[in-house]
Amino acid sequence: EYLSETGKNLIKIICETEYALQRIHEDEVYEKMKSHWQVMKSSVYSGVESSEKSLLKLSGGDSKKMNEYIRTSPIFENIYGKAAAYATAVNEINAKSGVIIACPTAGSCGILPGVLTAWSELHPNSETKILESLMIAGFFGMILFTDVSTAGADYGCQAEIGAAAAMAASALVYLEGGNHTQMIEAFALALKNSLGLI
């Protein structure tokens, strides 16, 4: 309603909110997102190249196998197959105590980087849009978590995986040229589709 009434751009509102909360200007918001994006990409690409197992040998190597398989399969060589392999890669990096961005939690750290990295490979030279999609995802996540906990112990998998899927859905709608209403609907639908995981 605020966007409709004011005619403001959602990215501008996010930057205004960041200034109100942290006293950082728009260019600093972009720089922060750029830093996060570099970590996300690094965790994706280092994950899919590694067969190393985690300390307890419960995780590791699966993303590399998935990534190798999707290259040979026209059914999976697309944004969906890549996003699954890349999300798994980040989770494996996390399990090996590597550097990740918890978005929104460490347990769900792979979803947003996986989706955005897969999308970016299909749309080269789109870094500014990616940085803005991170702002969108974070903004909607922030709104969600003013009311609910990020802990799976409180709300089941929906609090982590559901929230991350919702954040990724809103980011993807933005990247595909959707408006704020469509972003909100995508966010809500992703949450609803994970209700069974509670």
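Tutor: Start with charges: Lys and Arg count as positive and Asp and Glu as negative, while His and the chain ends are not counted. The place of a charge is taken as NZ of Lys, CZ of Arg, CG of Asp or CD of Glu.

Student: OK, how far apart are the mean positions of the positive and negative charges here?
Tutor: They are 6 Å apart, for 15 positive and 22 negative charges in the protein chain. Note that this is a predicted model, where local features need pLDDT of at least 70, side-chain atom pairs count only at pLDDT 80 or more, and totals for chains, interfaces and linings use all residues. Residues are numbered from 1 along each chain as its sequence is written, and side-chain values use heavy atoms, with hydrogens and water left out.

Student: How many helices and strands does the protein chain have?
Tutor: The protein chain has 10 helices and zero strands. Both are DSSP runs numbered from the N terminus, helices being H or I with at least four residues and strands E with at least two.

Student: New topic. What share of the residues is buried?
Tutor: Of the 198 residues, 44% count as buried. Buried means under 20% relative accessible area, exposed over 50%, and partly exposed in between, with a 1.4 Å probe and protein chains only.

Student: How many disulfides are there?
Tutor: The structure holds zero disulfides, a disulfide being a pair of cysteine sulfur atoms within 2.5 Å.

Student: Last one, Gly 47. Which helix is Gly 47 in?
Tutor: Gly 47 is in helix 3, residues 26–48.

Student: And is Gly 47 buried or exposed?
Tutor: Gly 47 counts as buried, at 0% relative accessibility.

Student: What does Gly 47 touch?
Tutor: Leaving out residues up to four places away in sequence, Gly 47 touches Ser 63, Ala 89, Glu 92 and Ile 93. Contact means heavy atoms within 4.5 Å.
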